[in-house]
Each structure stands twice: as C-alpha cells, then as structure tokens.
Amino acid sequence: MAASTWILIFVAVHLTLAAHASHSCKRKLPCGPSKFEFYMHNTVYNPAVDNRNYFNSIYGLPPNVSFPNPIGFGVMNTFEDPLTRGSSNTSAPLGKAQGFYVIDTFNEYTLFHIFTANITEGDLKGTIDIFGQMREVDPVRYLTVVGGTGAFLGARGLASSTRVQIDRTPPAKWTLYFDLDLYY
Ligand SMILES: *[C@@H]1O[C@H](CO)[C@@H](O)[C@H](O)[C@H]1NC(C)=O
Ligand SMILES: *[C@@H]1O[C@H](CO)[C@@H](O)[C@H](O)[C@H]1NC(C)=O
Ligand SMILES: *[C@@H]1O[C@H](CO)[C@@H](O)[C@H](O)[C@H]1NC(C)=O
C-alpha cells in the first residue's frame, strides 16, 4: 500500500477512537429538584447543666495554648441535628444533618461547616453534602452544595442559610434555615 493510504487509515482509526472517548463522557444524570429547604435544630451539650438527655452537638477540647483564645480558635463541634420541614422543632421531620464545624478565625465567630443532610422522609429521599463558611455577623451565610445521592444525585449549587432563632441560656439552642438552589 502507498504511504498515503497508511496515513488515511491512521487518521481514520484516530478519529474513531477520539469520537468513542468523547461519547463515553456524555452520561447525563436525571434532574433532581431545583429547590429544597429545611430547618436544622441544634442543642449544644453543656457540662455545666449536664443536658446529656437532650443534646445534638458536642464541642471538642480547646487547643492547649498558653495565651488567651477567647473565641476558641481551632475548636471543633460535631453535630447530629434533626431537620424539619417547618421552623418549629416539632414540625414534620425530614431527616438529620450529620457533620461538624471548626471555629476558624481567632477574633470573631466564623464556623467552617461540612455536613451531610440525610433526607429520609417525604417524596425526595437521599443525601445532600453542604460545605462552607458561616460568619456569625452575616445575616445570610452562603455555603455550597458539593454533591448528593438518591433523589439529589450529582446535585451542586447554593445553600443560603439564615439563623431563625437562638437561645443562649445554657444549654445553647438555635435553629438555622437552609434554602437550596440545586443544579444537576
Ligand atoms: C498543655 O501543654 C502544657 C505545656 O506543654 C503541658 O504541660 C500540659 O500537660 C498540657 N495539657 C494538656 C491537657 O495536654
Ligand atoms: C423545642 O423548642 C422549644 C421552644 O424553644 C423548647 O422549649 C423545647 O425544649 C425544644 N424541644 C426540643 C426537642 O429541642
Ligand atoms: C440516612 O439515614 C437512613 C435511615 O437511618 C440510613 O439507612 C442511611 O444509611 C443514612 N445515610 C447516610 C449517608 O448516612
């Protein structure tokens, strides 16, 4: 065969392989919900009142430093919070949020959150993974949705959160609202 024929065969094989490779990357996920919202209720365990029978979160030990650390920079809080459809802690249950936050600013309250919202009630069941910074002074805190499973498989997007209620008398309790904008 002439050299030009070999070149044609080589090019044809290459084009076929390239087309095959690009096709294998074109899987589409089914579209899940574009909006989802929930309320998350937290009660901190406080050794002073020893509320061992009703808590959802626990602080880890503060870092062992020889200088004042008033905000608790480096402290972690692990939580397993009930989620509800409405703002009251007695509203219809949706599931729970499990994860943690770390206090990551030395002189103000910023809480870096990573958690999985496990939605076990209702038509949409699955998990939503949420990630990002909550700065206490911000009225709306913008976190990201970095993934999901089940009805939320492959979800990405925005998790806008506001604090709807806080009671600082020990043990501290608060409720956060999450408004999700989801893309697939
Ligand atoms: C904290 O650090 C000091 C100095 O290194 C040490 O003596 C002390 O045992 C540490 N405390 C704890 C609770 O680890
Ligand atoms: C629900 O909220 C009310 C009012 O804030 C409070 O008294 C009650 O202890 C809470 N219940 C639970 C289970 O957290
Ligand atoms: C979500 O909760 C359900 C019911 O408890 C459980 O079966 C499932 O494994 C949980 N999913 C995750 C990711 O924790």
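1. The chain holds 1 helix and 9 strands, where helices (H or I, at least four residues) and strands (E, at least two) are DSSP runs numbered from the N terminus. In sequence order the pattern is α-β-β-β-β-β-β-β-β-β.

2. This is a predicted model, in which local features need pLDDT of at least 70 and side-chain atom pairs count only at pLDDT 80 or more, while totals for chains, interfaces and linings use all residues. Residues are numbered from 1 along each chain as its sequence is written, and chains are lettered from A and ligands numbered from 1 in the order in which they are written.

3. Of the 184 residues in the chain, 20% are buried; a buried residue has 20 or more other C-beta atoms within 10 Å of its own, an exposed one 12 or fewer, and a partly exposed one a count in between, with C-beta atoms placed from the backbone.

4. D50 lies in the loop between β1 (35–43) and β2 (57–59). The phi of D50, a residue other than glycine, is positive, near 45°. D50 counts as exposed because it has 11 C-beta neighbours inside 10 Å.

5. P171 is placed in the loop between β8 (156–167) and β9 (173–183). For context, most peptide bonds are trans, and most residues other than glycine have a negative phi.

6. T116, N118, T120 and T127 surround ligand 3. The shell of ligand 3 comprises 4 polar residues, with no nonpolar and no charged ones. Here Ala, Val, Leu, Ile, Met, Phe, Trp, Tyr, Cys and Pro count as nonpolar, Asp, Glu, Lys and Arg as charged, and the others, Gly among them, as polar. A residue is near a molecule if its C-beta atom, placed from the backbone, lies within 6 Å of it.
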